[in-house]
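Student: I am new to this structure and would like to work through it by question and answer. Could we start with the view itself?

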Amino acid sequence: MSNSDTKYFDKLLMALPQHRQTSDLKIVLKQLCNKEPTIFMKEGLGSSNEVLDSLFINQKDLDIAAARWQRWQEALTMLFPELADSQGLIESPIFNLNSYQELTGINLPGKTIIKGDHALPVAGSIKARGGVYEVLAFAEKVGEQGGFMKAGGNPKALLSKEAKAYLSTYKIAVGSTGNLGFSIGVMASALGFNTAVHMSQDAKQWKKTRLRSYGVNVVEHSGDFAAAVKAGRAAVEDDPKGYFIDDEDSLDLFLGYSVAALRLQKQLESAQITVDESHPLFVYLPCGVGGSPGGITWGLKTIYGDNVKCFFAEPTASPAFLLRSLTEKPCTTYDFGLNNRTEADGLAVAQASDLVYELVGKLVSGYFTVDDNKLFEILVNLKKETDIKIEPSAAAGFLGPVRFNEVDKFWAKYFPQYQQEQVSHIFWTTGGAFVPESEYDGFYQKGLELIQARRKNSRKD
Ligand SMILES: *Cc1c(COP(=O)(O)O)cnc(C)c1O
């Protein structure tokens, strides 16, 4: 390690609770500071149900959130014709992945399944669950105040000309690297809200252009994601008709995401995939601030308890949630010399949501980091094997079992109770369907070049 890396290693070691300052974890810290892929397994979590009982939300909140989505089905079908087939449900399919080894180079016993949120309608990413939900919740609140609908009534009343004119007097603001802004921009502008999306410098130009085409006001900021969030908050702070959607601190986003767990449960049942004590579900979720993987983890734990194990995937430059969990203190990746520069723009987050950490810190089984280049290789292999198109962020989950494989006696050490053949692995693909062709071609080309370069090198050895 260079001198500066040693400095950050020492700083990170000092930030850890005493009981974590072990030789095993020192290896993890070194890998983190060197920006090498690593895995941190959270041990001593205790029973999921006990943890769930200690939280301020419970199964009822999950049901309330599911009921809101249901209330909106008719209105959403009217707003988005593409939802006609699903009767207004914004949902994605699951399907078998027959070629995990072709994707990653390692053999993985058990079932391998993709949860295809890369193709979620309306927004083309997992943000359709959280972002859309929070806009719907706010629209109901405002609509009730304005006398356009009753609590729990049919929100299609909000689609009238008069209601829309009323909603347009309200402002919604959000800070985003892209996908959240898009899901909120599309939904909020469809309902008539006056919408501003504050974006960071690493947000892709095409995302800004597309948002503007929906009539959304895009405000650009020179700082990172956190800076854009701050600016967005400031923009509506003093406005009584302004509402800020706070990606770092939103229970509505979290609950919107959590409903995915109920939907997945139904899909697994239809596919006759058993989840029980000897047939656990291992779920791999790309993580930014933690809202989407956190909400889904909480929902799944509420349904399956200890029979589901969730793992969060982050880029080596942005392991915000891993660091939050490792140190058990609020911190940023910058504190430890990690610059948060990653091609996985949906995961380019330097600081985890503290709200989400409070809710799921004791429910997530492990965290791993991924090298940007590997994301492009997986993107290419996935297209070749399954013909699905994802964005780099959405590839991160596939590397979970690869990290497991790098740990000596991983299964015996962490999951001695399971037979590997009986595990169902779910890889959550979180975005990609709305990426423009030319942009996707660039990702694909880059992945191809990386694969070819690696083949050439291995021939030389
Ligand atoms: C936002 C995003 C994530 C992560 O969600 P968080 O709520 O930020 O943790 C994962 N994948 C994609 C494609 C995203 O846009």
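**Rings, charges and a ligand**

Student: Which residues do ring pairs link into a cluster?
Tutor: Rings of Phe, Tyr and Trp (its six-membered ring) pair if their centres lie within 6.5 Å; planes under 30 degrees apart count as stacked, over 60 as edge-to-face and the rest as tilted. Pairs of this kind join one cluster, whose members are Tyr100, Phe282, Tyr284, Phe311, Phe398, Phe404, Phe410, Trp411, Tyr414, Phe415, Tyr418 and Phe427.

Student: What kind of model is this?
Tutor: Residues are numbered from 1 along each chain as its sequence is written, and side-chain values use heavy atoms, with hydrogens and water left out. Local features need pLDDT of at least 70, side-chain atom pairs count only at pLDDT 80 or more, totals for chains, interfaces and linings use all residues, and the model is predicted.

Student: How many residues apart in sequence are the parts tied together by phenylalanine 40 and tyrosine 367?
Tutor: The whole structure holds 34 aromatic pairs. In one of them, phenylalanine 40 and tyrosine 367 are stacked, at 6.2 Å centre to centre and 15° between the planes. Helices (H or I, at least four residues) and strands (E, at least two) are DSSP runs, numbered from the N terminus. Phenylalanine 40 is in strand E1 (residues 39-41) and tyrosine 367 in strand E10 (residues 366-370), so the sequence separation of the parts they tie together is 327 residues.

Student: Why is the pair of phenylalanine 138 and tyrosine 243 stacked, and how many residues apart are they?
Tutor: Their ring centres are 4.1 Å apart and their planes are at 5°, so the pair counts as stacked. Phenylalanine 138 belongs to helix H7 (residues 127-145) and tyrosine 243 to strand E7 (residues 242-245), a separation of 105 residues.

Student: How far from the ring centre of phenylalanine 182 is arginine 210?
Tutor: A charge sits over a ring if NZ of Lys or CZ of Arg is within 6 Å of the ring centre and within 35 degrees of the ring normal. Lysine 11 lies over the face of phenylalanine 336 in this way, at 5.8 Å. Arginine 210 lies over the face of phenylalanine 182, and its distance from the ring centre is 3.6 Å.

Student: What is the N to O distance in the salt bridge of glutamate 91 and arginine 263?
Tutor: A salt bridge is a side-chain nitrogen of Lys or Arg within 4 Å of a carboxyl oxygen of Asp or Glu. The count by this rule is 23. Both glutamate 91 and arginine 263 are buried. Their side chains meet in a salt bridge with an N to O distance of 2.7 Å.

Student: How many residues apart in sequence are the parts tied together by aspartate 345 and lysine 204?
Tutor: Aspartate 345 has 6% relative accessibility, so it counts as buried. The closest N and O atoms in its salt bridge with lysine 204 are 3.7 Å apart. Aspartate 345 is in the loop between helix H15 (320-327) and helix H16 (354-360), and lysine 204 in the loop between strand E5 (194-199) and helix H10 (205-213), so the sequence separation is 141 residues.

Student: How much of the ligand's exposed area does the protein bury?
Tutor: The ligand is surrounded by 16 residues, the closest being Lys127, Asn179, Gly288, Gly290 and Thr430 (near means a heavy atom within 4 Å). A polar side-chain atom of asparagine 179 lies 2.7 Å from a ligand oxygen, and a backbone N or O atom of serine 292 lies 2.8 Å from a ligand oxygen. Taken alone the ligand exposes 380 Å², and the share buried by the protein is 98%.

Student: Which residue caps the N-terminal end of H12?
Tutor: Helix H12 (residues 251-258) is mostly covered, with six of its eight residues buried. Among them are Leu253, Phe254 and Tyr257. At its N-terminal end, a side-chain oxygen lies 3.4 Å from the backbone nitrogen of aspartate 252, and the capping residue that supplies this oxygen is serine 250.

Student: What is the phi of aspartate 387 near?
Tutor: Aspartate 387 is found in the loop between H17 and H18. Its relative accessible area is 54%, so it is exposed. Its phi is positive although the residue is other than glycine, and the value is near 65°.

Terms used. Buried means under 20% relative accessible area, exposed over 50%, partly exposed in between (1.4 Å probe, protein chains only). A polar contact is a pair of N or O atoms within 3.5 Å; within protein, one must be able to donate a hydrogen and the other to accept it, and residues adjacent in sequence count only if both atoms are side-chain atoms. Accessible areas come from the Shrake-Rupley method with a 1.4 Å probe; for residues, only the protein chains shown count as cover.
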